[in-house]
Amino acid sequence: MSTPQKHTNNLIKESSPYLLQHAHNPVHWEAWHDEVLQQAKDEKKLILISIGYAACHWCHVMEHECFEDEEVAETMNAHFVNIKVDREERPDIDHIYMDALQMMTGSGGWPLNILALPDGRPFWGATFVKKQEWIQVLNQLQQLYVADPNKIIGYAENMANGLKEINAVNSRDNQEYIQVSEIELMVNDWTKYFDTFLGGYKRAPKFMMPTNLNFLLHYSHTKKDNSVAEYVNTTLKRMAWGGIFDHVGGGFSRYSVDTKWHVPHFEKMLYDNGLLISLYANAYAATKNELYKNVVEKSIRFLQEELLDKSNGFYSSLDADSLTNDNKLVEGAFYVWQEVQLKQLLKDDYPIFRDYFSINSYGYWEEDNYVLIRDSDALDIAMNHSITKLELQQIISKCLSLLKDEREKRNKPRLDDKILTSWNGLALKGLTGAYKYLENDTYLELALNNANFILEHMIAEDGGLFRNYKNGKCTIHGFLEDYASIIDAFLGLYEISFDEQWLDHSLQLANYVIEHFSDTETGLFFFTSNNEDGLIRKTLEIADNVIPASNSIMAHNLHKLSKYYPEDNFEVRLNKMMKTMKPSIIKNPQNHTNWLHLSLLMDQKFFEVVSIGENFKPICKTLMKNYLPNVIFAASNAKTSNLPLLMNRYVMNKTLIYVCNHGSCQMPVEEPNKALDLVSPII
């Protein structure tokens, strides 16, 4: 429900939808700016930092209970410089204070509320806090700061030192690389946590972990490990069947609160869907399972219909909450169905729809609401209703179309319409994989339009990237994750378009990262540019989560770039990174799966497949629709090229295919099947 606009604070000057949601709170909020931090120092006031994001349900609850309340605002305004942070715009700030909260409490989450000294060093933190507890703790800590400031300063000093220590990484130049035999042991230990019946891990809530599944897909394919392959396919199937996937409108929600992927927190994030489009496209290439193809198609349609800006950038998210008919903000209101509604809408088709989407105790949520979830194969349901599988699919398609039309009449969830560079990179990478494996020209067009948007709007004057775009403006310089994901996406775009400008842009951005983000001691890259200051720690982001770590994406990028540009020392930098990371990977492989994936790629044969000649496009299409995770492609019909892989390989009136490994090439062949035979012993 919208708040009466009695007040206006300085967040009204910002572009972030999350910050603007708080612009009419009675709290005197400020955004994170140097002059605000200086104000805290000048006035010797504690800083209250509250971090959240637009699609965060509990952020909205705390805003309503605390930040819209006059009594709370009076306490906050009297004693603190109050700073609101959109964690999606400023992940650099979020990293530091989330680490602080986890050190203090053992857990984290959003809203993330921190009290810090005027210089930004934290000493207290919590997530959601009720009104009276919030007022009480703020008053107590303010009184302690006045009465015994050294006690708080001492704790903050220890916390600041701890924050640096937990993020410290030591250089390990004497390390050997991780071997496949070591990876096998790690995966074998990991399998103890697998839920082999419902997929994911044996716990709730359940998060979709696309990076983990992408690695396990490749691992099972390479090692011919049927049990891991079955686990991956069970997980992908159950996620696609679950309520976490929007069967009506496409796209995935954030995570499920239960073990069967049924009831999600209903927010839909661009990054989840970009990563999952990549994963399901890869899985379709490996298995040819039509379910996976359907997930890719519906998820991309969701991006087009709900998150695509007219400028061809993708918006960030849809909120979990939406308004009901009686004007109440309720989580999931847009997505759930009641049985009486379904019977009225679907009429004679309802019994089939009921069995297909579990309108029974399995699909029931709460308050007469059902979240659509599958639990049976389509063929079994078709046989139970004495129809063919094709007839069943036609009926279900018709029903979903009716539900979509009906749902459009409801109040839509709120849209976070800021455009973030890194998340667009993840979506763009998903589109390149979808085009490669599904061969839908619309996906190539979408990808090229998005990439050109990035070139037109997100490149700074010095050749670096901006982080955000809203209302024609970019206000924040890019972080490592922005560069890493865009380089990765542009490399993918080269492999489906063979337009060398995308390789050129990847090369330029990689060199920019090396020049401006390097930690020379470890070979890794800082999350923020070496030109940036003002934070209490320079973060090294190395642990893979739902989104892979920016450093692990950069390592994959360097691996590919070292194949395209073998003379540019990318391999030297990559080797230093991998040696530094080996102890962390072995100690906790589940939190370093993108690194583990790269270790697998580096320990097996990796091929450069080059096609040169007039017919290179159909040949490459034939080759690339196969699941070839240990192959990069280069192709052209030009007689000359500056790209090392293409040099001196053109032969008049022929289209040749070269299969190379670390620059050493087999005799060229002309038939795609013969080229596949040359890599097939390894794939």
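Me: Which helix does Gln341 lie in?
Reply: Heads-up, this is a predicted model: local features need pLDDT of at least 70, side-chain atom pairs count only at pLDDT 80 or more, and totals for chains, interfaces and linings use all residues. Residues are numbered from 1 along each chain as its sequence is written, and side-chain values use heavy atoms, leaving out hydrogens and water. Helices are DSSP runs of H or I with at least four residues, strands are E runs of at least two, and both are numbered from the N terminus. Gln341 sits in the run 339–346, helix H13.

Me: Is Gln341 buried, partly exposed or exposed?
Reply: Buried means under 20% relative accessible area, exposed means over 50%, and partly exposed is in between (1.4 Å probe, protein chains only). Gln341 comes out at 28% relative accessibility, so it counts as partly exposed.

Me: How far apart in space are Gln341 and Leu403?
Reply: Along the sequence, Gln341 and Leu403 are 62 residues apart. Going C-alpha to C-alpha, the gap in space is 9.7 Å.

Me: How many salt bridges does the count come to?
Reply: Side chains of opposite charge can pair when their charged atoms come close. The rule here wants a side-chain nitrogen of Lys or Arg within 4 Å of a carboxyl oxygen of Asp or Glu. By that rule, the number of salt bridges is 34.

Me: Which residue meets Lys268 in a salt bridge?
Reply: The N to O distance in this pair is 2.8 Å, and the partner is Asp246. The pair links distant parts of the chain, 22 residues apart: Lys268 is in strand E9 (residues 268–269), its partner in the loop between helix H10 (226–241) and strand E7 (255–256).

Me: What is the N to O distance between Lys674 and Glu671?
Reply: Lys674 has 47% relative accessibility, so it counts as partly exposed. Glu671, with a relative accessible area of 39%, is partly exposed too. Their side chains meet in a salt bridge with an N to O distance of 3.5 Å.

Me: Which residues does Ser299 touch?
Reply: Ser299 has its place in helix H12 (residues 290–307), and with a relative accessible area of 1% it is buried. Contact means heavy atoms within 4.5 Å. Leaving aside residues up to four places away in sequence, Ser299 touches Phe245, Gly251, Phe252, Asn273 and Ile277.

Me: Are helices H20 and H21 parallel, antiparallel, perpendicular or oblique?
Reply: Axes are lines fitted to C-alpha atoms, for helices over the stretch in contact, and angles run from 0 to 180 degrees between N-to-C directions. Under 35 degrees counts as roughly parallel, over 145 as roughly antiparallel, 65 to 115 as roughly perpendicular, and the rest as oblique. The axes of H20 (residues 500–517) and H21 (residues 550–564) come within 11 Å and cross at roughly 125°. That makes H20, relative to H21, oblique.

Me: Which residues of H21 make the contact with H20?
Reply: From H20, the contact uses Leu503, Ser506, Leu507, Ala510 and Val513. From H21, it uses Met554, Leu561 and Tyr564.

Me: How many residues of helix H3 are buried?
Reply: H3 spans residues 57–67 and is mostly covered. Its buried residues include His57, Cys59, Glu63 and Phe67. Out of eleven residues in H3, the buried number is eight.
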